[in-house]
Amino acid sequence: MFSRRLSLFNALLVVLLPMTFTAHAQYNALHIPDTISGTTFNLNLKDTFVQYKTGNQTITAGINGDFWGPTLIFQKGDTVHMNVHNFLNDSTTLHWHGMHLPAVMDGGPHQVIPPGTIWQPYWQVKNNAATYWYHPHLHTMTEEQMTKGLGGFIIVRDAAEASLALPRTYGVDDIPLALTSRTFDASNAFKYLPGPYGDEMVVNGTLKPEVNFGKQFVRLRVLNAEMERGYNIGFSDNRTFYIIGNDGGLLDAPVSVTRAKLLVGERLEILVDMTGDATGNSIDLKAYNAGQPFGFPGSEPGTTGAFGSLLNNTDFNILHINVVAATTGAITSLPASLVANTYLTAADATISRTVNVTDGTPGGPGGPGTPFSLDHTPFALTTINKTVSLNAIEKWTVTNNNVFGHSFHIHDVEFKIISRSSGPVGSHESGWKDTYYLPVNESVTFVAKFDDYADALHPFMYHCHFAPHEDGGMMGQFVVTDPAGIAQTEQRGADYTIYPNPVNGKLYIAFNDPAMKAYYITITDVVGRTVYMLPRPQLTDGIDMSRFKAGIYFLQLTDEQTKTTTTKKFAKE
Ligand code: C2O
Ligand code: CU
């Protein structure tokens, strides 16, 4: 949609204003993703295309659009229901990065959504107000599917954040920025192999973006949505800006910086003080990536080859900013303090674990070309690498005595970084985190509490967030188990009845044993194709079959307690 708007804009410049605005013609209006609020979120994933360049359109994938997806706005405490409909030609998954939720709703590599299938996870929002995101997580396919453009922002709002005098008019003084880069091949297709680094900056799907900032404080929610590149952000006039939030919440107070590093998967909320800027002036948000030490992703000097890119080891523009008049109700001062966080400390932890970056080295155990791994154990869907007890507070030390930097992410929790072997933990990462930079020759220790959700069957992931590394197997998985829950397990048949049969509208389930509960329902059609995935369905309202074609279907129901699966056949008229 934005691309069509751009073409029209460019056409107007050419036809009506041939000379006047040449300085502006090099920029395109920054795309601001649409928002969805409330408690029901319809997300349609589809293959599509965007007219990025003259000539061929670029094949992309989008969610309710052409590239990237809508921003989901959640209120803390609400139960949110997702209707994820996969119209892609491939299977996929959709992971809610940073959300604390049941593993069966997490959208990791186990919750595969086949083409044509509807997946309906739901959960109560327990996360703090902050910026999160969602993206595909299909093992070995994450880089390809993210490169096509699948992903989107999640903004959580809560009472503590709402009580602060912060900019929060979406798209006006509260602007999401998804940073990534792409290389186009000769036929204008995105290249994602062999190298992970794009030649051209892409923000919210826009090439060479520009945006207007009023003369006021502007809040940016910056996400590194790259495949691998890190960003060392700053402004072209080296102005001080203020970090107010990390991945999982606001900081205690704003932290003043002139540069901040943001690795893949990390988010930073910043405030930019534009009150002293003159209307009509412009500045640039830039990546100061020149001169970063080797191991910082994108520091490689080459412009071609597997790890080459025109943006490597250089300073480049992210976003062109034009100063305009302040909006009504503009925020014109910096809050002195934000929220009162009670962070976990090392003393809270009762278990210590280690994770080591391994392989990926020419001389490593697997020989040349070995992908990176964690603890010499390449990811396998059937291997549970760690078992965590429900409510445990754990200290994880991740060590990278290997050849290159990484971005470490763990699902389920927001944690507190308590130490870095290279020196003090940066004030820019002093808040709640779920992803962090793990430079080469460094150990990072964090403390996390694994509360609320135990499930011995569905694991959570921990991994490098560089898409090629994750796809290559630099990932492990853990289950959170509740020893009390296991003790109560009893033998029981999965005895239930489905009605009416045949069904026209809603299908209902009657359990003959009142202790039975549906853990998972999958509905397949007569050729075995999955059409409906219902994790922990709330069955009181029935299962809506009205959108499915007439025919024979099979309902497979897994019982919560026994994990026994029983199949029933039914007809849809
Ligand atoms: Cu952003 Cu395991 O993911
Ligand atoms: Cu990595």
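The report below goes from the domains to one strand and then to one residue.

This is a predicted model, where local features need pLDDT of at least 70 and side-chain atom pairs count only at pLDDT 80 or more, while totals for chains, interfaces and linings use all residues. Residues are numbered from 1 along each chain as its sequence is written, chains are lettered from A and ligands numbered from 1 in the order in which they are written, and side-chain values use heavy atoms, with hydrogens and water left out.

**Domains**

Let us look at where domain 3 meets domain 4. Five residues of domain 3 are in contact (heavy atoms within 4.5 Å) with five residues of domain 4. Between them the two domains bury about 320 Å², 45% of it on carbon and sulfur atoms; this buried area is the accessible area (1.4 Å probe) that two parts lose on being put together, summed over both. One salt bridge is found across this interface, the term meaning a side-chain nitrogen of Lys or Arg within 4 Å of a carboxyl oxygen of Asp or Glu. The side chains of arginine 536 and aspartate 455 meet in a salt bridge with an N to O distance of 3.8 Å. Strand S33 (residues 455–464) gives the largest share of the side of domain 3 that touches domain 4, with three residues. Strands here are DSSP runs of E of at least two residues, numbered from the N terminus.

**Strand S18**

In strand S18 (residues 231–235), five of the five residues are buried, that is, under 20% relative accessible area (1.4 Å probe, protein chains only). Tyr231, Ile233 and Phe235 point one way, and Asn232 and Gly234 the other. S18 runs antiparallel to strand S21 (residues 260–262), joined by three bridges, with isoleucine 233 opposite alanine 260. Three bridges also join S18 to the antiparallel strand S23 (residues 282–288), where leucine 285 stands opposite phenylalanine 235. Two strands pair if DSSP finds at least two bridges between them.

**Asparagine 204**

Where is asparagine 204 placed? Its place is in the loop between strand S14 (200–203) and strand S15 (206–207). Asparagine 204 is buried, with a relative accessible area of 1%. A polar atom of its side chain lies 2.9 Å from the backbone oxygen of histidine 31. Leaving aside neighbours within four places in sequence, the contacts of asparagine 204 include Leu30, Pro33 and Phe153.

Methods: Helices (H or I, at least four residues) and strands (E, at least two) are DSSP runs, numbered from the N terminus. Buried means under 20% relative accessible area, exposed over 50%, partly exposed in between (1.4 Å probe, protein chains only). A polar contact is a pair of N or O atoms within 3.5 Å; within protein, one must be able to donate a hydrogen and the other to accept it, and residues adjacent in sequence count only if both atoms are side-chain atoms.
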